[in-house]
Amino acid sequence: MRIYGRAPIRRAIAAHSLADPFSFFCLNYHSKDRLFSLNFKRDLSCESEVDEAIFLFRKMLRMRRQPSVFEFTKQLQVIVNLKQYSVALQLFDEMRQSAAPVNEYTMTILINCCCLLKRVDFGFAVFGIFFKQGYNANVVTFTTLLKGLFLDGKVADAEKLFKQLLTSRLCEPDDFTIVTVINGLCKNGHVLAAHDLLLLLEKTIYKPNVKAYNAVIDGLCKVRMVDNALELKSRMIDKGISPTVVTYGSMIQGLCDFGRWKEVKHLLNEMVNHKISLDVVTFSILVDAFCKEGNIKEAEDILEIMKQQNISPDIFTYTALIDGYCLQGKMDKAKEVFDSMASKGIKPSIMSYGTLINGYCKKRKVDEAWRLFLEVSSKGLEHTTITYNTMIHGLLSEGRFADGWKLFNDMEARHVHPNLCTHNILLDGLCKTHQIADAFSFLKTMEDKGLNPDIITYGILINGLCKDGKIEDAKKLLNELPTKGLQPNNKIYGAILGSLCDEGFIDNAKDLLIKMERSGCAPDSMTYNIIIQGLLKKKELDKAMPFLEEMHKKGFLADATTSSMLINHLQGSKNDDVLLEMMKKVVPKM
C-alpha cells in the first residue's frame, strides 16, 4: 500500500479546519500528564470481561521485560472489541507513562476509540502526537478519521479531508475508504452528493465497488428516489458489477414503501434468475410491507416459505408481524407471537416491546401497556424516547394526566431525552383539558430548552384555542405562522373553519377558505366535510348546499359523519328531492 511523503500530510494538518484539537500536538509522547483518564467514563455493562482484560494488560506493563508492541496492540484491541473505548484510552495513558512500545496500529486503534466516542477532535490530537514522533499515517488511519468526522456530523470537514487525500496524494484511498465516504454522506442526508461522487469516481482509477453502489442505492430508496435507484442498479450492471442480495433488498424496500408490488415481483424473479437467494433481511422487508398494507395472510405465507427454506425469522421479522397484528387490533395474536420468541431463543428487543405497547395503547388497554412498560427494565433493556412517548400518549389519551406528567418527569430523571414529539404530546394534553394558559407557558419552556416548535405544535395550540372558543386568538396565531417559517396545513385551517361554522360565522369561513386557496393550501375532502358538518349541526342545510356542490365538483366525497348527518336530515324532511339528488353525488355507494 503506497504512503506518500510527510510534507503533504503536514500541509493537510495545517490546512484542516479543526484547529483546536491540534493544540494537543505540543504534548510530548512521553509526558506524564494523563490525556484521557479524566475525560471519559467507563461503561460497566460487561464488567467481568473488562476487568480480566485490564488485569492482563496491566500485568504486561509490570513485566520487567515488556512484551512486544504486537502483544500490547492485540490486548488493546480486545478491550475495543468489548466496546470499552474510554477504558482503551485510559490504558494508553498508562502505556505512555510506562514507556511501553507503540506503532502505527496503536495509533489507529486509539483514533478509532476517539471517533466511536464522537470525539474526533481527540482523534486528530492523537494523530498529531504520533505524527510528531515520526510515525507514518496510512490509509487505515485516514479512513478512521473520515469515519469519525461523519459520526460527529462534520460532513464538510470529511469532504475536505477526502479531497485532500486525492489532491495532495496523502495516501491511496482503498475500497473501504470510498465506501466510508459514500456511506457517511448518505447517512448524513447528503444522498445526491454521494451519488455525484460515485459517478465522479467511476471516471478515475478509484473505481467504486458493489458496496459503494449499494450505499447510494439504499440512500436513494430511503429518500423515496426509487426510480433513480433502479437506474443506478442498471448502470452498475452495465459497468460489470453484479448486484447482491443487499442491492435488491434496498430496492424491494423502496418499492414496497410505494406499494409498487408488480415491480417487487419483477425484482424477486430477477433474483431467482440470477441465483441470488433471499435472506432473512429481504424476507423481513416483505413481511413488514404486507403487514403495513393490512395483508397479514400474505405475511404469514412468507413465514411459511422461510420455514420451507430453513431460514429462521429474526427479531425484525417477528416485530414486523407483531406490528401487523397490532395494526388490525388483534392484540391476542400479537402477544402470542411476542411470547413465542422466547421458545425460539430470540430475546425481545426494545422495539418489539415498543410495538406491543403501542398496540395496547391504541386499543385503549393502557393497563396492559403499562405492565409491559414496567417489564422492560427487568429484561435488561433500556427505554427509549419512543417507548416513553408511546406510554405518555397512551396515559394522556385515557385521561390519566397526572400519570402522564409523572412519567415525563421520570423520563428526564433517567436521562432519556424528551424530543419535540414528547413535548407536543404533553402540549396536546394541556389543550384538551382547556389549560390554554399553561399550554402557552409550556411552549415557552420548550423554546427555552432549544426546541423549535413545528407546524404540529402550532396546530395543537390553534385547535386548543378553537375548542376553548378563542377563535380570534387562533386566527392571530394562524397569521403569525409564515413569520415563523411555517405554512399552515389543511388540518389547521380545518380547525378554524369548523369553529367559525359552529359559531355561525359563515361569511368569515368563506373568506378564510379563499385565503387558504390563495396561500397555496388547496382545500381537501376533510376541509369541506368539517365546514358542512358545522352547518348541519346548526340545521342550516341551505348554507351547506353550496359547499356540497363545490365538494362534488372537486371530486370529493362525504365522510361517514357527514353522510350520517345528511341521512338524518333527509329523514327529518319531506320530499327533499334536491337534497336526495345531492346525496347521490357525494355520499359513497355502499
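**Salt bridges at a glance**

There are 26 salt bridges in this structure. Keep in mind that you're looking at a predicted model.

**Helix α11: Lys-222 and Asp-218**

- Lys-222 and Asp-218 join their side chains in a salt bridge, at 2.7 Å from N to O.
- Both sit in helix α11, which covers residues 210-222, and because they are four residues apart, about one helical turn separates them.
- Lys-222 is exposed, at 62% relative accessibility, while Asp-218 is partly exposed, at 25%.

**Helix α18: Asp-339 and Lys-335**

- Over in helix α18 (residues 331-343), Asp-339 and Lys-335 are four residues apart, or about one turn of the helix.
- Their side chains form a salt bridge, with an N to O distance of 2.9 Å.
- Asp-339 has a relative accessible area of 43%, so it counts as partly exposed.
- Lys-335 is partly exposed too, with a relative accessible area of 26%.

**Helix α23: Lys-432 and Asp-428**

- Lys-432 pairs up with Asp-428 in a salt bridge, and their closest N and O atoms are 3.0 Å apart.
- Helix α23 (residues 420-432) holds both of them, four residues apart, which is about one turn of the helix.
- Lys-432 is exposed, with 59% relative accessible area.

**A linked trio**

- Which residues are linked in a network of salt bridges? Glu-202, Arg-235 and Lys-239 are.

Note on methods: Residues are numbered from 1 along each chain as its sequence is written. This is a predicted model: local features need pLDDT of at least 70, side-chain atom pairs count only at pLDDT 80 or more; totals for chains, interfaces and linings use all residues. Side-chain values use heavy atoms; hydrogens and water are left out. A salt bridge is a side-chain nitrogen of Lys or Arg within 4 Å of a carboxyl oxygen of Asp or Glu. Helices (H or I, at least four residues) and strands (E, at least two) are DSSP runs, numbered from the N terminus. Buried means under 20% relative accessible area, exposed over 50%, partly exposed in between (1.4 Å probe, protein chains only).
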